[in-house]
Amino acid sequence: MATAVPSMALATPVFQHGLIAMSVAVILAPFSYYMGIGARMLKLPQITGYLVSGIVSGPYLLGILSTESVVDLNVVEGACLSIIGLAAGAELHLSELSRSKKQVIGITLGISAVTWLFCYGALEYTAGLLPKLGELDASHIVAVASLGATLMMARSPASAIAVLKEMDSKGPYSSLVMAVVVVKDVVVIIAYAINVELIRVNTLRSAGGSLQLLGMVLPVMSVMLSITVGLCGGLLLGMMLRPHSLLAAVLSRTGPATAFRVKQLLILVVSTLIFNMAHHFYAEPLLACVTMGLFLVNRRHERADKEKEELHLMVSQIMSLTNVAFFGLAGASLKVGALKDMFGAALLVCGVRLVAIFLGSWLGCYATNASAEHRRLFWMSMVTQAGVAMGLARLAGTRFPDWGPHFQTFMMSIILLNLLVGPPLFRHALVRVGEAKALLLPLANKGGGGAVQQAVLQLQLGGIIPGIKENGGGGASSEGGLAHTHGHGHGHVHGLVGEDSVAKSDRDLNQ
């Protein structure tokens with residue numbers, strides 16, 4: 001009788017669907033991986049290949065992954081999103097941020113406010129013209145536009161790190177860019193959580209009843225609960241990873257490689273647990289994971305720097321696997337038939353976002369007395385979007401089943417455009433400010449040798465940044481998700497960009 005219970009559980013349709021979906025996903029994983037390598041060879045972001053592999057194998061083209069299979073793999077997607085959130089939070093080093101907090105806060109507020117306002121107007125206008133979204137009532141259109149405008153504020157930290165490493169860029173411009181990028185993404189995730197709760201309250205209100213007090217309290221409670229769950233996860237993981245823990249005593253009997261892999265598995269399991277716990281309590285799971293990462297890298301003790309480096313290395317290697325799964329599933333969930341109807345609207349929103357970023361960056365730099373060069377060029381570093389924005393779009397797609405999938409497809413199309421346009425612009429800005437040390441081109445120096453430097457610039461840009469020289473566009477082989485590598489040595493960007501101790505994980509920055 002006791003043995004009958006497990007056999008009955010194994011025979012349930014849910015378990016069988018999950019097992020089939022997992023088997024198909026494992027078989028398709030190599031296809032997604034090599035599609036990513038192919039995209040990199042074509043000078044495109046690697047996650048573009050992952051997305052294309054998901055679209056091709058998904059329910060709207062070849063049908064290898066059915067709609068039910070994509071839903072059954074939500075647990076895998078949750079694990080991937082938990083690592084994306086953990087990695088984003090682990091970028092925010094409070095001690096380094098305090099060195100230029102006035103400029104960081106001013107520029108972050110300028111870009112975020114102007115981008116939200118401009119993109120809200122563009123999204124409210126275009127939403128009524130799109131399939132499914134155009135059928136929503138006025139209150140839901142406002143909610144969709146607000147949520148989409150919040151996602152348009154996001155900027156990928158890992159893609160910025162990838163370009164900085166590729167260009168060997170260090171200096172005040174690079175430092176300021178990284179600080180703003182990291183803070184802005186944390187702001188975006190908090191704003192996303194508030195938006196989701198406001199939409200939920202609006203939905204309850206439309207069903208009947210007065211919820212004014214609940215409408216004010218619920219978003220705050222959701223954010224506070226998310227932060228609390230994340231802090232608990234950070235405490236738990238920090239205790240388990242400390243040198244004198246029971247786990248450390250057990251791992252001391254194994255080899256260094258085995259111990260490293262066990263710790264990576266522990267990070268994946270705990271972050272997934274925190275993600276699902278936050279979801280269970282109707283908190284914002286990505287915010288909880290961001291809080292966990294932020295807590296882990298900002299603890300103060302004698303081994304803090306070494307533990308930060310180890311954490312970033314472990315997370316970056318986990319990301320090389322989870323990015324394949326997450327972006328492949330994201331591609332499989334896209335409504336391909338709706339993409340062609342959304343492309344024109346996506347181009348419009350993308351253009352409006354570029355104008356908003358330029359204006360917001362200029363205003364933020366002007367208000368904080370940044371140099372004239374920063375005012376002209378800072379916007380170029382804020383265009384690229386990837387893992388965090390896509391993760392939030394995917395969460396919205398699953399959380400709001402009525403209009404969420406179409407909203408996700410629309411957001412993904414805009415994010416992909418930003419992902420293709422952003423990297424060449426950022427590289428160009430680094431060259432112009434003279435911080436692209438990989439090119440050996442201190443163009444900001446107006447001294448002698450300018451003609452020789454300009455000649456070298458033309459030669460090297462032709463091979464390294466063909467998009468700028470020839471057609472002003474093109475992708476980046478090093479852009480994409482949220483893989484991270486760090487070393488902590490000589491200043492903010494030097495710490496963010498990384499050291500030789502993590503050279504092995506540099507290859508993962510292509511994601």
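Guide: Helices are DSSP runs of H or I with at least four residues, strands are E runs of at least two, and both are numbered from the N terminus. On that basis the protein has 22 helices and zero strands. This is a predicted model, where local features need pLDDT of at least 70 and side-chain atom pairs count only at 80 or more, though totals for chains, interfaces and linings use all residues. Residues are numbered from 1 along each chain as its sequence is written, and side-chain values use heavy atoms, leaving out hydrogens and water.

Visitor: What share of the protein counts as buried?

Guide: 54% of the 511 residues do, where buried means under 20% relative accessible area, exposed means over 50%, and partly exposed is in between (1.4 Å probe, protein chains only).

Visitor: Why is H14 called largely enclosed?

Guide: Eleven of its 13 residues are buried, so the rest of the structure largely encloses H14. Among them are Pro 285, Leu 286, Cys 289, Met 292 and Val 297.

Visitor: What makes H7 and H8 oblique?

Guide: Their axes (lines fitted to C-alpha atoms over the stretch in contact, with angles from 0 to 180 degrees between N-to-C directions) come within 8 Å and cross at roughly 135°. Under 35 degrees would be roughly parallel, over 145 roughly antiparallel, 65 to 115 roughly perpendicular, and the rest is oblique. So H7 and H8 are oblique to each other.

Visitor: Which hand does the crossing of H7 and H8 have?

Guide: Right-handed: that label applies if the near helix is turned clockwise from the far one by less than a right angle, and left-handed if anticlockwise.

Visitor: Which residues meet there, in H7 and H8?

Guide: Contact means heavy atoms within 4.5 Å, and on the H7 side Trp 116, Tyr 120 and Glu 124 are among the residues that meet H8, whose partners include Ile 141, Ala 145 and Met 152. The contact divides into ten nonpolar, four polar and one charged. Nonpolar covers Ala, Val, Leu, Ile, Met, Phe, Trp, Tyr, Cys and Pro; charged covers Asp, Glu, Lys and Arg; the others, Gly among them, are polar.

Visitor: Why are H3 and H15 called oblique?

Guide: Their axes come within 6 Å and cross at roughly 45°, which is why H3 and H15 count as oblique to each other. Their crossing is right-handed. Tyr 50 and Gly 54 are among the H3 residues there, with Phe 327 and Gly 331 among those of H15. That contact splits into eight nonpolar, four polar and no charged.

Visitor: What makes Tyr 282 stand out?

Guide: Tyr 282 has a positive phi of about 60° although it is not a glycine. This tyrosine sits in the loop between H13 and H14 and, at 59% relative accessible area, is exposed. Asn 369, also not a glycine, has a positive phi of about 60°; Asn 369 lies in the loop between H16 and H17 and counts as exposed at 61%.
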